[in-house]
Amino acid sequence: MIIQENIPLAAYTTFKIGGPARFFCVALNERDLLEAVKFAKGKELPIFILGGGSNILISDDGFSGLVIKVELKGIIYRELDHGAVAVSASAGEIWDDLVGETVSRGLYGLENLSAIPGTVGASPVQNIGAYGVEVSNSIESIKVLDTEQMKIVELSKSDSRFAYRDSVLKCEKGRYIVIGVNFELNKRGKLNTDYKDIREYFSRRNVSEPNISEVRQAIIEIRQNKLPDWRKWGTAGSYFKNPVITADKFKELKNKYPKLPGFPESDGQVKLSLGWILDKVCRAGGMKYGKAQVYEKQALVLVTMPGATATDVVGLSRELIKLVKDKAGIEIEGEVEWVC
Ligand code: NAP
């Protein structure tokens, strides 16, 4: 394994922004990973694990430690005796390729997570979720390198402490590096088509009982229509998390904005659609800061034009945070990870 110096990172991110990594290497196997971590420890350098680069914003000054690009590959399928299939996927596999492959094998569990950019290794970190399904629903365990103990271990589902867009891998940032994820998928399952966008897609086409491939195709098309073209814009998808507020606060906002959508949580709080607030309450669609812009078709998404800097994106996000606070009285936080 070669450790390189001063490698520009912009091309490794979907925002297409960011300065250089002081040190950079590609890990193709577990041995490379151990060697890279030992190198960083020896020099007391911070480590940043790079997957698909689709949920990060790298500072214009770059990263002063070691960036490890995880490219461990391989997917293994194993039949279990109760109509389920164990799927072990290496961290460097492309997430949507795995989803496509499992759907074409008729395995249920990941179909609603179609068309999400990034790698398999990144999927449990923020417990990716879409259209009523979270990746943790299908995860049995995660194989990780524990960089504190310098040991490869398996985290069970309960060790992983999954929550909404959260896990132990995110809470104890820097401790674990994902090597692979073990899923359990089913040969027979129930499709979840409850979300409005999916229901409307099938009702427009008069399809009452879609199959698993049709659900995947629907989600691919819905996302393509909502999200910016990666070839034209730099972007990391949704920039902020959807806020969860108290029922009283929701009532207050609903009086002011009767069409405000809200989704009750099990603890009595209400989850809001921040895209709706940014669009309808803040009128932020198309708002610009330098060469960063709020995407017109989906205000939760920030996009960048060629020549944009991380400073532009941060400037725009600060303006939006202030706008939401002033207009709706809600504190919002970023979903995209800031790397500096
Ligand atoms: P959307 O469907 O317009 O939904 C906006 C918000 O409303 C989300 O917080 C969503 O909750 C909630 N919501 C909508 N319908 C709901 C229902 N029937 N029951 C409960 N909650 C409901 O969002 P979008 O921006 O177009 O994104 C589509 C899906 O992709 C959403 O599920 C979104 O969360 C997901 N997504 C995930 C990530 C990620 O994992 N990092 C990034 C971008 C988008 P949920 O968030 O619980 O679905």
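**Exercise 1.** How are H2 and H5 oriented to each other: roughly parallel or roughly antiparallel?

*Solution.* The model is predicted; local features require pLDDT of at least 70, side-chain atom pairs count only at pLDDT 80 or more, and totals for chains, interfaces and linings use all residues. Residues are numbered from 1 along each chain as its sequence is written, and side-chain values use heavy atoms, with hydrogens and water left out.

Step 1. Identify the helix H2, residues 95-104 (helices are DSSP runs of H or I with at least four residues, numbered from the N terminus).

Step 2. The axes of H2 and H5 come within 9 Å and cross at roughly 155 degrees (axes are lines fitted to C-alpha atoms over the stretch in contact, and angles run from 0 to 180 degrees between N-to-C directions).

Step 3. H2 and H5 are therefore roughly antiparallel (angles under 35 degrees count as roughly parallel, over 145 as roughly antiparallel, 65 to 115 as roughly perpendicular and the rest as oblique).

Step 4. On the H2 side, Asp96, Val99, Gly100 and Val103 meet Ile212, Ser213 and Arg216 of H5 (contact means heavy atoms within 4.5 Å).

Step 5. This contact of H2 with H5 comprises three nonpolar, two polar and two charged residues (Ala, Val, Leu, Ile, Met, Phe, Trp, Tyr, Cys and Pro count as nonpolar, Asp, Glu, Lys and Arg as charged, and the others, Gly among them, as polar).

**Exercise 2.** Describe the packing of H4 against H5.

*Solution.* Step 1. Helix H4 (residues 196-204) packs on helix H5 (residues 212-226) at an angle of about 110 degrees, the axes being 10 Å apart.

Step 1. H4 and H5 are therefore roughly perpendicular.

Step 2. H4 contributes Asp197, Ile198, Tyr201 and Phe202 to the contact, while the H5 residues include Val215, Ile219 and Lys226.

Step 3. By class, the residues of the contact of H4 with H5 are seven nonpolar, one polar and four charged.

Note on methods:
Helix = DSSP H or I, 4+ residues; strand = E, 2+ residues; numbered from the N terminus.
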